[in-house]
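Please look over the sequence and the model below before reading on.

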Amino acid sequence: MTATNIRHSKKLKEIFKTVSHLFASKGYHSASMRQIAQELGMKKSSLYHYFESKEEILFKIMNHAMDEALASLEEICAKDISPEEKLRQVLIFYSTYYVGDQEGLILLINEISSLRENYRRILIEKERHYLNLMRMIFDELDKSGKMREIPHSIAIFAFFGMVHYTIKWYRPGGSINVDQLSDYFANILTEGIFKPNPA
């Protein structure tokens, strides 16, 4: 990557972080391009150098977050480790990643309907990829005889529900940090799907 590309990438990350906060706190529809430019300390014309529209900013923020998460999940799934450990690592990563970025999570949950169909289609396809990665792990667990008879989809969506609902109640800086919370979520799900040890 060239120095110019690195600077461009850093600038985009700065923009994503600032705009995520603005959208999450003020609401996507209530924020204007002028306000976004003011928050970034940029001229409105300079902002259009990076994005064609406010909608494109929202899409790129969400798409970037999903790409980062998918890359890490794919890396975990490719490891030569037991399906139990794969599942635990995936659960902990997903929880840590999204609970640790609550503003990004708010946008992913609340604002996908604000995007036009072609943008939504791209993000929905990536959501399906999340599901397929987890289903593959559950299939491995099933084959090894270590799962109770629980429909995979119910287990998966129960986990997503736990993580996604944290935007309603979890406050960073409280008595439970993100790593502890992620570990609790992993324990709750795995202890609910693994068969009891016969011993």
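**Briefing on the predicted model**

Of the 199 residues in the protein chain, 40% are buried. The coordinates belong to a predicted model, and everything said here should be read with that in mind. The chain contains 10 helices and 0 strands, which gives the pattern α-α-α-α-α-α-α-α-α-α when the sequence is read along its length.

**The chain as a whole**

- Along its principal axes, the C-alpha trace of the protein chain spans about 70 × 35 × 35 Å.
- The protein chain exposes about 11200 Å², and carbon and sulfur atoms supply 52% of that area.

**The largest nonpolar core**

- The largest nonpolar core of the model has 61 residues, and Phe23 and Tyr98 are the ones with the most contacts inside it.
- Several helices each supply at least two residues of this core, including helix 1 (3-26), helix 5 (83-99), helix 7 (117-143) and helix 10 (178-193).
- The largest share of the core comes from helix 4, which contributes 12 residues.
- When neighbours within four places in sequence are left aside, Phe23 is in contact with Tyr28, Ala31, Ile36, Lys54, Ile57, Leu58, Ile61 and Leu107.

**His152, in helix 8**

- His152 lies in helix 8, and once residues up to four places away in sequence are not counted, His152 touches Arg135, Phe138, Asp139, Asp142 and Met147.
- His152 is classed as buried because its relative accessible area is 16%, which is under the 20% that marks the limit for a buried residue.

**Ser144, in a loop**

- Ser144 belongs to the loop between helix 7 and helix 8, and the side chain of Ser144 reaches the backbone oxygen of Leu141 at 2.8 Å.
- Ser144 has a relative accessible area of 37%, and it is therefore described as partly exposed, since that category covers values between the 20% limit for buried residues and the 50% limit for exposed ones.
- Although Ser144 and Glu84 are 60 residues apart in sequence, the distance between them in space is 10.0 Å, taken from C-alpha to C-alpha.

How values were computed
Residues numbered from 1 in each chain as written. Predicted model: local features only at pLDDT ≥ 70, side-chain atom pairs only at ≥ 80, totals over all residues. Heavy atoms only, no water. Core = buried A, V, L, I, M, F, W, Y, C linked by side-chain atoms within 4.5 Å. Buried < 20%, exposed > 50% of the residue type's maximum accessible area, 1.4 Å probe, protein only. Helix = DSSP H or I, 4+ residues; strand = E, 2+ residues; numbered from the N terminus. Contact = heavy atoms within 4.5 Å. Areas by Shrake-Rupley, 256 points an atom, 1.4 Å probe, with all protein chains shown as cover. Polar contact = N/O pair within 3.5 Å; in protein donor to acceptor, adjacent residues only side chain to side chain.
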